[in-house]
Amino acid sequence: MNSRSAARGFLAFLLSLPALQGSNDYKVIYAPYNVCALRDSTVDINCTYQFPNISEINPNNVTTLWFTKGEIHIPVNLTHDADNAGRVETSCGKVVCTPSLCVGNCTVRIKDLRQNDSAEYKFRFITNYEKGKYTGVPGVMLNVTDQVKVSFPASTDTTRVNMTCNSTCNQTGGFTYTWFRNGQNVEQGIYYKGNINSEDNYSCAVEGNKHLHSPSVYAPKPPSVTPSGKIEEGSSLTLRCSSDANPAANYTWFKDHEERQSGQNYIITNITSELGSNYYCQAHNAIGRRNSTSFLIEITSSSSQTTAVAVGTIGVLLATILLLVFLWMRTKRASSTSGQGGRPDPPLPDPEYDNVSALSNRSAPAAQRRPIEDQDDLHYASVHISHSEKQEVPPCLAASRVQSDQTEEVLYSAVNFKSHNAVPEACDRREIGETSELYSTVKKTPKGV
């Protein structure tokens, strides 16, 4: 096959491709329209362009360029952009013409891809003919990613977990993937074929770009729960279960091994004593599951109830103390009276007496007499003593004579009539009895005086 036949075949192939951009025989063909590439890799973007074969256009005098910045009619050549220095190369083939059309092709190669290389790439060609200029829009969308991920497609086999490796561009064609278990290379392929252990972690990478690992996937770590401990009755409580897992864990709550509800948070309102029990949560994902440590929730009485109980207890305690003090004082008083060998004071008579005369021992009948020593002391609240100068006082009591006839009232707690042994012998006993009558006028005063 000579070169002329090859050119004609290539031209026929190009003319058969769909999605040609242009009109009036000016067109640009991009294939494909979307390109996904990994960071730090190299990508080629291709296009084919055509223009009419007319006498005004010299097919050997055509200028081509790729651009992402600038307007359609005022583009910034990609190779002239300082951000791309040393990373962008363009190459174009020879233009081939038929009697009606001329066709060419161009490629831009971008090395050491960066995230900011993601953009729309457009191609423009300019002929020597004033009207022979054209830009192919829309251009090619390039998506640069550094994310390779492990996914878990749905499966009808519930006994096995399926894992696939792909980039976030969702393009698997043209890439060879390598699988790692706990950092060790174990196999290649899009799908992981080995057994999955919940104690291990797994990742994958594109062959030739092993520094671009996917994030590791693993079963949940032991979950932690907050808060726990003593909760006041009648209040509300929000329990939260947390676990490190990839993919993210789902959570289920249990009370005494009975499933209660699903979700990371467990909300309990109006807590009652029946809710006090052992709880735990379970974290689970596609790789495995793990339970938290069981914890006890204690329900305590509300503060108002506690206050009422405390007040009641204090009241009972104070009453008990007062009762004990009263009993102790009563017992002490009784013991004191008993220790003095006396008898309790006789009750005072209710009626008032203006004059109470203490009769002498000898003025009483002989049968009723008893020794003065045996008589009880008499106790009075007040003693009224009346006397005057005209009143005769026995010589033995002359020192006690009062020089005024005024009435005096003297308050005494007790008046004791002593036995005759305490009276001087010089005094006649009859005189003493008379004197007793003289000084024994007693006036009872009301209680409290």
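How exposed is C97, by relative accessible area? I opened my notebook with that one, and the entry reads 33%, so C97 is partly exposed. A reminder to myself before going on: this is a predicted model.

**Entry: the tally.** I looked up the disulfides and found that the structure holds 4 of them.

**Entry: C97 and C102.** I went back to C97 to see what it is bonded to, and a disulfide joins it to C102, with 2.0 Å from S to S. I read 110° about the S-S bond, which makes this link right-handed. C97, for its part, is partly exposed.

**Entry: C92 and C106.** Next I checked C92, which forms a disulfide with C106; their sulfur atoms are 1.7 Å apart. The link of C92 and C106 is right-handed, at 110° about the S-S bond. I then asked where the two ends sit: C92 is in strand β7 (residues 88–92) and C106 in strand β9 (residues 101–110), so this pair ties together parts 14 residues apart in sequence. For accessibility I wrote down 40% for C92, so that cysteine is partly exposed. C106 comes out at 1% and counts as buried.

**Entry: C165 and C204.** C165 belongs to strand β13 (residues 164–167) and C204 to strand β16 (residues 201–206), so the bond ties together parts that are 39 residues apart in sequence. Buried or exposed, I wondered, is C165? It is buried, with a relative accessible area of 0%. I looked up C204 too, and its relative accessible area is 0%, so C204 is buried.

**Entry: C47.** The cut-off I worked with is sulfur atoms within 2.5 Å. C106 already has its disulfide with C92. I also looked up how C47 sits, and it is buried, with a relative accessible area of 3%.

Methods
Residues numbered from 1 in each chain as written. Predicted model: local features only at pLDDT ≥ 70, side-chain atom pairs only at ≥ 80, totals over all residues. Heavy atoms only, no water. Helix = DSSP H or I, 4+ residues; strand = E, 2+ residues; numbered from the N terminus. Buried < 20%, exposed > 50% of the residue type's maximum accessible area, 1.4 Å probe, protein only.
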